[in-house]
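Here is a short briefing for a reader who is new to this structure. Please look over the sequence and the model before reading on.

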Amino acid sequence: MTEFFDALEVRDQGTREADLFDQLPSALASARARAPAIAAQLQGIDVEQITSRQALAGIPVLRKSELLRRQLAQRERQNGTAAHHADSASRETTSSDPVVERVFGGFSSIGWGKAARVFASPGPIYEPESKRADYWRFGRALYAAGFRPNTLLYNCFSYHFTPAGSMFETAGLAIGCTVFPGGVGQTEMQVTTIRDLQPEGYAGTPSFLKLILEKADEMQIALPSLQRALFSGEAFPPSLQTWFSQRGIHGYQAYGTADLGLIAYESEARDGLIIGEDIVLEIVRPGTNEPVPDGEVGEIVVTTLNPDYPLLRFGTGDLSAIMPGHSACGRTNKRIRGWMGRADQTTKVRGMFVHPEQIASIVDRFEQVKKARLVVSGETGRDDMTLLVEIDGEPAADLQEKLGLAVREVTKLRADITLVRVGELANDGKVIEDSRSYA
């Protein structure tokens, strides 16, 4: 019989949805009061009315690039040479802690002291970690991968700058594991330490564990204690799964980000990634705020109930799709198909940037148009654009001409227009396809 991390994992889906949206208004009210950037995102919105997915969809998506821009702007203003910039910035914040605005761009609700650690992701984007147990919520993923109390977790995620090492250490401690901070590099030392300590489980990237095991083969050292692994940060294709399985290691994958913590995780059923219990996950059309129907590929957008870093409709930039039904392991939350590419498909055509949101704005102008994809083709020095458009019913006589004019108005570029029937465009989340040859 399958064991579960807690009873939340086997709730009725309707109960789960009701619980999340019962908590959401008060969580948003708290975030608005304590995190200035979230207050700006919620300006003019009655949070008491955000009690459904439809209402939530009315809030603009916050994308990572916007979070970075706000953090950089606040640092520039408060670290700049002009003293009045710092004075101006401090007057704008609604937080009593200046660190909230200066370091975290107003997205955190905690500063020094209440934050146990602070991390830096590329950008740099700074993220807080509070003192709450299992802050990043990866304990659920470790448990689903077979980790249990009183076992040794060999943690080979990085412990410096980025939060991955802490994500899995705090998860292991929450379960009751002992954690060895292996970190990255030094494969020979990793081999001898694993031989000496005989850990049952590994956390890290699959490629690094493969390197360790291959180094162990070179050194003629057997590492039979390793039986399970939780991987993240890289793809874990079936070929690698088989490679580890042949060595007696059952590997599973977890998906998360430095901003949000755990988003989804794999169980022994290996039938998609199960969404974490305390987030609201949406799939939206890339470049828009608009949720897509279940099954359609789009950008993963997450609202977290984390009171310390309360991100609201945060666009991850990753593509995936909701799967039907629930996992055969017995966990009842919705599942996603895993990582399916990046949503930011911005490309440069004839010296001009074309963005997915521009294509979405063209679609919105025409009631008959249900979906579109811009295909950029040609060779070096000669760019061609074709807008493939799914239409509902017989097209109006002048639809192609009007679409061509709309493309020219929005992008300042010319494109050929090709009309196709609904369902003919691939369900892969692509809004802009760059098929140019650079040979």
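Predicted model: local features only at pLDDT ≥ 70, side-chain atom pairs only at ≥ 80, totals over all residues.

Residues are numbered from 1 along each chain as its sequence is written, and side-chain values use heavy atoms, with hydrogens and water left out.

**Confidence**

- The protein has a mean pLDDT of 91 (pLDDT is the predictor's confidence in each residue, from 0 to 100).
- A pLDDT of 70 or more is reached by 94% of the residues.
- Over residues 81-94, pLDDT stays under 50.
- For that stretch the model has 13 contacts beyond four places in sequence (a contact means heavy atoms within 4.5 Å).

**Salt bridges**

- The count comes to 33 salt bridges (a side-chain nitrogen of Lys or Arg within 4 Å of a carboxyl oxygen of Asp or Glu).
- Arg-148 pairs with Glu-3 in a salt bridge, with the closest N and O atoms 3.4 Å apart. Arg-148 sits in the loop between α7 (139-144) and β4 (152-155), and Glu-3 in the segment before α1 (13-34), so the pair ties together parts that are 145 residues apart in sequence. Helices (H or I, at least four residues) and strands (E, at least two) are DSSP runs, numbered from the N terminus.
- Arg-148 is partly exposed at 23% relative accessible area, and Glu-3 is partly exposed at 47%. Buried means under 20% relative accessible area, exposed over 50%, and partly exposed in between (1.4 Å probe, protein chains only).
- Asp-217 and Arg-247 form a salt bridge with their closest N and O atoms 2.5 Å apart. This pair links distant parts of the chain, 30 residues apart: Asp-217 in helix α10 (residues 206-219) and Arg-247 in the loop between α11 (238-245) and β8 (250-257).
- Asp-217 is partly exposed at 42%, and Arg-247 is partly exposed at 36%.
- Arg-335 forms a salt bridge with Asp-271, with the closest N and O atoms 3.8 Å apart. Arg-335 is in strand β15 (residues 335-336), and Asp-271 is in the loop between β9 (261-265) and β10 (273-275), 64 residues apart.
- Arg-335 is buried at 6%, and Asp-271 is buried at 18%.
- A network of salt bridges links Asp-6, Glu-9, Arg-140, Glu-268 and Arg-331.

**Thr-288**

- Thr-288 lies in the loop between β11 (279-284) and β12 (298-304). Thr-288 is buried, at 12% relative accessibility.
- Beyond its neighbours within four places in sequence, Thr-288 is in contact with Val-61, Arg-63 and Ala-360.
- A polar atom of the Thr-288 side chain lies 2.7 Å from the backbone oxygen of Arg-285. The Thr-288 side chain also reaches the backbone nitrogen of Glu-290 at 3.0 Å.
- The C-alpha atoms of Thr-288 and Leu-211 are separated by 41 Å, and these residues are 77 apart along the chain.

**Largest pocket**

- The largest pocket has a volume of about 1000 Å³. On a 1 Å grid over the protein atoms alone, a pocket is an open set of points where a 1.4 Å probe fits, with protein on both sides within 12 Å along at least five of seven lines; lining residues have an atom within 4 Å of a point.
- The volume is the space filled by probe spheres set on the points, and grid points are joined across faces, edges and corners.
- Of the 39 residues that line the largest pocket, the closest to its centre are Ser-232, Gly-233, Glu-234, Tyr-255 and Gly-256.
- β8 gives the most to this lining, with five residues.

Methods
Polar contact = N/O pair within 3.5 Å; in protein donor to acceptor, adjacent residues only side chain to side chain.
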